[in-house]
Amino acid sequence: MIDPTLLFEQLFNGFQLGILLFLLAAGLTLVFGIMDLMNLAHGSLYMMGAYFAATVTLATDSFLLGIIAALPATLLLGMLLEVTILRKLYDRGHLDQVLATFGMILFFNELVRLVWGPEGIEVALPDFLNQSVTVFEVPLPMYRIVIIVVGLLVAALIYLLVAKTRTGMLIRAGASNREMVGALGVDIKLVFTLVFGLGAALAALAGALAGPIFAVTIGMGEHILIQVLVVIVIGGIGSIRGAFVGAILIGVIDVLGRSFLDSLFKLFLPVNTAETAAPAVASMLIYILMAAVLFFRPQGLFPARTG
Amino acid sequence: MWLSRENIIGLAIFALLAVVPAIAAVTEIPFYLDLGRRMMILAIGALSLNLIMGYGGMISFGHAVYIGIGAYVVGICAEHELVSGFIQWPLALLVCAVVAFIFGAISLRTRGVYFIMITLALAQMTYFLGVSLDRYGGDDGLPLAEPSAFADLIDLSEKTSLYYLIFVLLLFCLWISRRLIHSRFGMVIQGARSNEERMGAIGFPTFRYKLTAFVIAGVMAGLAGVLLANHTDFVNPDMMHWTRSGDLIIMVLLGGMGNLIGPILGALVFILLEEFLSGITEYWQLIFGPFLILVVLFARGGFLGFLDKKKPTEDGDA
Amino acid sequence: MPKPLLEVRNLCKNFGGVTATDNLDLSLQPGFIHAVIGPNGAGKTTMIAQLSGALKPDSGKILFDGQDITSLSSPARSHLGIARTFQITSIFHEFTALENVALAVQAHDSHSFRFWRPVKKDEKLRTPAQAALDLVGLGGRPNVLASTLSHGEHRQLEIAMALATKPKLLLLDEPMAGMGAEETLRIVEILKSLKGEQTILLIEHDMDAVFALADEITVLVYGSVIASGTEDEIRGNQAVKLAYLGDEGAAF
C-alpha cells in the first residue's frame, strides 16, 4: 500500500510546486484580467529571472543577492517590453497578442542561447538552505519550506494590495472601465505598466526560486507556462483567488499523480500495462482535470470577469 | 474577377512549384526538392488551419497535433509491418477525425482566450503522450520502417513521385477548401465568426457546425502529417509541439487570413525566410522574433490579407 | 379572446445588485402590435433578450403558443417562429446586404451541412432574400457590403433579416432608432402591413409611431409593468404620466 511518509512528502512537494505556479499564475491572470492581454512571453520573464539570479549568484557567491538582483532587473525588462510593444497590443485581438508574444519567446530563447550558451546553468543551494527540517517525523528539504513561506507571504501581500488599498481599487477599476478611470485624472497607462511590472517581478521571483530545483535552461519558460495556463483556465481569468486554488490543485495533483498512479494502476491492471500506462496518464492528468472543469464551468472556478 | 491578385499569385506559386523538380535536376541540388516538399506539406497544414481560423475565427493553438497524429499513425503502422498506404492513410485520417471531434467538443465550449489556451493545453498533452510512448521511440522519435506502399500505383521512396503526389494533394485540398467556403456550410462558419449572437438569433445552432469545421480541418492536417512522415522518413513528438502550431499560425498570418491562397503563400514565405535567415546566422530566431512582432504591429493584413480597417474579429470574444 | 401567442409570467432577472426585470407579466394577442414603452433603463432590452433566448431569466415562465419555452435556446426559439431585431445593430458586416438576409433564410431551410453547392447560385436562398430586401426598401442595393450601408439602412436590414425567417412573433427593439422622418414613415407602413398576419412586440421611443401602430401598450418602469392596455387607457393613467414627467411626457 501507500507509504504515509512518502504520501506526506509528495503532498508537500505538490504544495510547493503549487506555490511556484501561483507566483506565475498571479501575474499572468492579473495582466489578463486587467489589460485583457494574452501574454505568452510571461514564461520568458520567468526564464530571464532565473538566468539573472543564477548569473549573479555564481558571480557573487551569494544566493540571496542573486534573487535580490533578479527582481528589479526583470521588472525593468518587463516594463520596457510593456511600454515599447505590449501596450500597442491592448486594443488588438488576442490573435495578434499571441503572435507578438510568441515572437518574443523565440527572441528570448535565442538571446539566452547566444549569451549563456545552450547548456543552461546549474545553481547550487547555499549550505544554510541545503538542510532538512523534520516535520511530523518526516525530513523535508528546508529550501522547499522557504519557497512555500515566501509564496504564502507574497500571496498575502497581493491580496492586501488588490483588495484593500487604493492602488488596488484603481487597478480593479481600470479593468472594468478605462475611460472612467482616465477621466478621474489617473494615468491608466501608468497603472497598466505597473501591473505588468508586478507580474514580471512575480515571474522573476518564481524563476529565481525555481532555479536550484528545476533546471535553469532555455525553454524552461514554455514548459511551465502551459501548466500556468491550465491553472488560470481552471481558476478563472482575472481571479487571484482562482489562481491560488488552481495552482495548489494542479501542483498537488500533478505530483501525486506522477508518484502514485502506477501503484494505483497496479491494483487492477497487469504490471506491464500499469507501468506503461501510468506515466502517460500521469502527464495527461492535469489536462484531463482542466477539460473536466471546463465542461461544467467554462469560465473557471472563480471567474472574476462577468464577460 | 479571374485576374484577381489572389488568383495571379496562386497561379504563380503553383507554376513555380510545378517546375521545382526540373530545376533541382538541372542544378543538381536535390535540396530544392526537399524544400519544395516541406513547403507544400506545411501549406496543406496552413490551409487547414485557415479554414477554422481565418474563416471561422477559431484560433487553435494546437493544430499541429493533427499533423503529428497523422504522421504517428503511419509510423506506428509501419513499425507493426502494416505498410499498405491504402490502410494507413484512411486510418490516420480517421484517428485525426476522432481526436479532433473530442478536442473540439471540449474546446468549443469556450471562447476567446479560453479557447486558445485549452487548444494549446490539449495539444501539449498529446505531445507529452507522444514523448511517453517509449515503445515508439519516445522523445527521440521513430524512424519510418518503410514508406507507405500503394501496390504498383506509386513508389513513395522515389523523391520526385512523392513530390508530385504532394503537389496534387495540395491542389486537391485547395479545391475542397474553395468549395467548402462558398457552400452553405462555409457561410455558417463565416457568419459565426462575424457575429455569433446574430447567428443564434436567426436560428443557427452554431456549435455543431463549428465542431464539424474543426474536424474537417483536423483531417486535412492529418493528411499533411501522413505526407510529412513519408517525406522525413521519421516521426517524432516535436511535430506536435505547440511551437509547431505557432508556426502554422504565423504562416496563415504572413500570407493573409481569410483567403485561400494566403496560407500557401504564407508557408512559402515562412520556409524561405527560415532558410534565408538561418543561412545568415545560427541565431536566426533573434531576427525572426522581432520580425514577427513588426509584422503583427504594422503589416497585420499579411501579404494578401483583407485590407480590413476594423479590428480583426474573433470567435465571439465578448 | 383568442389564446395569447406570448405569455410572460413573473419574469425576474438580477444583475449583481441591480434588478433589471421585476416580476414582469405580459400577454400578447396574436396579430396585434403590442408596444412596450418606458423611460431609459426600464429594462426593455433585457426583457427582449430573455424573450428571444439570449439571456436566461432568474425565475419566471415564458409561454409561446401555449408551449413553455423558458429553457429553450435562441436557435430553438427562432425555429418556433420568434424573430428579433437588436437595439444596437447586429448584422454581418463583411457580407453584402443580400448575403445577410440569405443567411437568415438559410437558417430556416433545413440543415446547413451542405458542403458543395456555392451559395451564390442558390436561388432558393436568393429569391426570398431579395423579396425581404424589397419589402423593407433595400431592394436596389443587394450587393452592397453591409458595413458601407447607412445607419438607417442597417435598421432596415435588421428588419429584413427578421422577416426572412418567416416568424410568427417579431421582437423589435427600437427598430426606428436613429432614423430620419421619411425612413421612419416607411417602416411604420411596413409594420402596419404586417399587422394581422404577424404578431409584433415593439419597443420604441418614438411616440408618434407607437400611437400610429400599437393595438396595445405596456409601460415598463424599473423592470416591472406599471400599466398595460389600449392607447386611451394608457393616456389616462396617472402612474404613467408620473413616470414620464420630463421625458416623453410631452407626448401625452
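Trainee: What is the strand order in the open sheet of chain C, and how do I read it?

Mentor: Strands of a sheet pair through backbone hydrogen bonds, either parallel or antiparallel. Here 6 strands of chain C run in the order β6-β7-β8-β3-β9-β10, with mixed pairing. Strands (E, at least two residues) and helices (H or I, at least four) are DSSP runs numbered from the N terminus, and two strands pair if DSSP finds at least two bridges between them. This is a predicted model, in which local features need pLDDT of at least 70 and side-chain atom pairs count only at pLDDT 80 or more, while totals for chains, interfaces and linings use all residues. Residues are numbered from 1 along each chain as its sequence is written, with chains lettered from A and ligands numbered from 1 in the order in which they are written.

Trainee: Which strands stand at the edges?

Mentor: β6 (82-84) and β10 (224-229) of chain C do; each has a single partner strand, so one side of each lacks a neighbour in the sheet. On average, neighbouring strands are turned by 15° against each other, direction ignored. Axes are lines fitted to C-alpha atoms, for helices over the stretch in contact, and angles run from 0 to 180 degrees between N-to-C directions.

Trainee: In which sense do β3 and β8 of chain C pair?

Mentor: β3 (residues 33-37) and β8 (residues 199-203) of chain C pair in the parallel sense, over 4 bridges. Within that pair, Ala35(C) stands opposite Leu202(C). Helix α1 (residues 44-52) of chain C packs on the sheet, touching β3, β6, β7 (169-173), β8 and β9 (216-221), and its direction makes about 150° with that of β7(C).

Trainee: How many residues of chain C are in contact with chain B?

Mentor: Contact means that C-beta atoms, placed from the backbone, lie within 7 Å. By that rule, 28 residues of chain C meet 21 residues of chain B. On the chain C side, α2 (74-80) and α3 (97-107) each supply at least two residues.

Trainee: Is Lys210(B) buried or exposed?

Mentor: A residue is buried if 20 or more other C-beta atoms lie within 10 Å of its own, exposed if 12 or fewer, and partly exposed in between. Lys210(B) is buried, with 23 other C-beta atoms within 10 Å. Lys210(B) lies in helix α9 (residues 206-232) of chain B. Beyond its neighbours within four places in sequence, Lys210(B) contacts Gly56(B), Met58(B), Leu108(B), Ile189(B) and Ala192(B). Met58(B) is 152 residues from Lys210(B) in sequence, yet 8.6 Å away in space, C-alpha to C-alpha.

Terms used: Two residues are in contact if their C-beta atoms, placed from the backbone, lie within 7 Å.
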